[in-house]
Amino acid sequence: MRPVKIIDRTRDAHFMREALALASQGAAVGEVPVGAVLVQDGEIVGRGFNCPITTHDPSAHAEMVAIRDAALRLTNYRLPGSTLYVTLEPCSMCAGLIVHSRIERVVYGATEPKAGVAISRGEFFNQTFLNHRVMIEGGVLADECGAVLTEFFRARRASKGQ
């Protein structure tokens, strides 16, 4: 029988703030401000922020970058027992990677009504055809995560209007 995972809200908020700091780094270079950290055994083993524009890589979402970083650091393409903290609900591309990476848990901040697949556009992680189950926790620091995105797009619209 699999042990029950104890959810620590204080710890979740701590790591989400780390992801928010990365999102701000992305915004500073003109990327949509989404950040992610991958945590294993209480330590951050992967970090990333959205960078498809600056890297000319459509797959360079924050989750993808953080997972690649962790896999390289740990020299393993499987990341069992890890938790991914991301400021925005994952899209379908990132959800597939999360499953293939064997990440145990995903904690996200703001929902993504247009493309999020944890709850907004279907519940991808609950599909019966998947060979790995991922625990999902949404809404951690949701207001802060959403505000970063709202402000970024507000500023972008204002700069285009001038």
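**Notes on the annotated site and strand 3**

1. The UniProt record, an unreviewed entry, lists Glu-63 under "active site". The model discussed here is predicted. Within that model, Glu-63 belongs to helix 3, which spans residues 62-74.

2. Is Glu-63 buried or exposed? The relative accessible area of Glu-63 is 4%. Buried means under 20%, so Glu-63 counts as buried, at 4%.

3. Which residues does Glu-63 touch, leaving aside its neighbours within four places in sequence? The contacts are Ala-36, Leu-84, Val-86, Leu-88, Pro-90, Cys-91 and Cys-94.

4. Strand 3 covers residues 83-88 and is mostly covered. Of its six residues, six are buried.

5. On one pairing, strand 3 runs antiparallel to strand 1 (residues 35-40), with four bridges between them. In this pairing, Val-37 stands opposite Tyr-85 of strand 3.

6. Strand 3 also pairs with strand 4 (residues 105-110), here in the parallel sense and over five bridges. Leu-88, listed above among the contacts of Glu-63, stands opposite Ala-110 in strand 4.

Note on methods:
Residues numbered from 1 in each chain as written. Predicted model: local features only at pLDDT ≥ 70, side-chain atom pairs only at ≥ 80, totals over all residues. Heavy atoms only, no water. Buried < 20%, exposed > 50% of the residue type's maximum accessible area, 1.4 Å probe, protein only. Helix = DSSP H or I, 4+ residues; strand = E, 2+ residues; numbered from the N terminus. Pairing = 2+ DSSP bridges. UniProt positions renumbered as here; feature names shortened; annotations may be inferred. Contact = heavy atoms within 4.5 Å.
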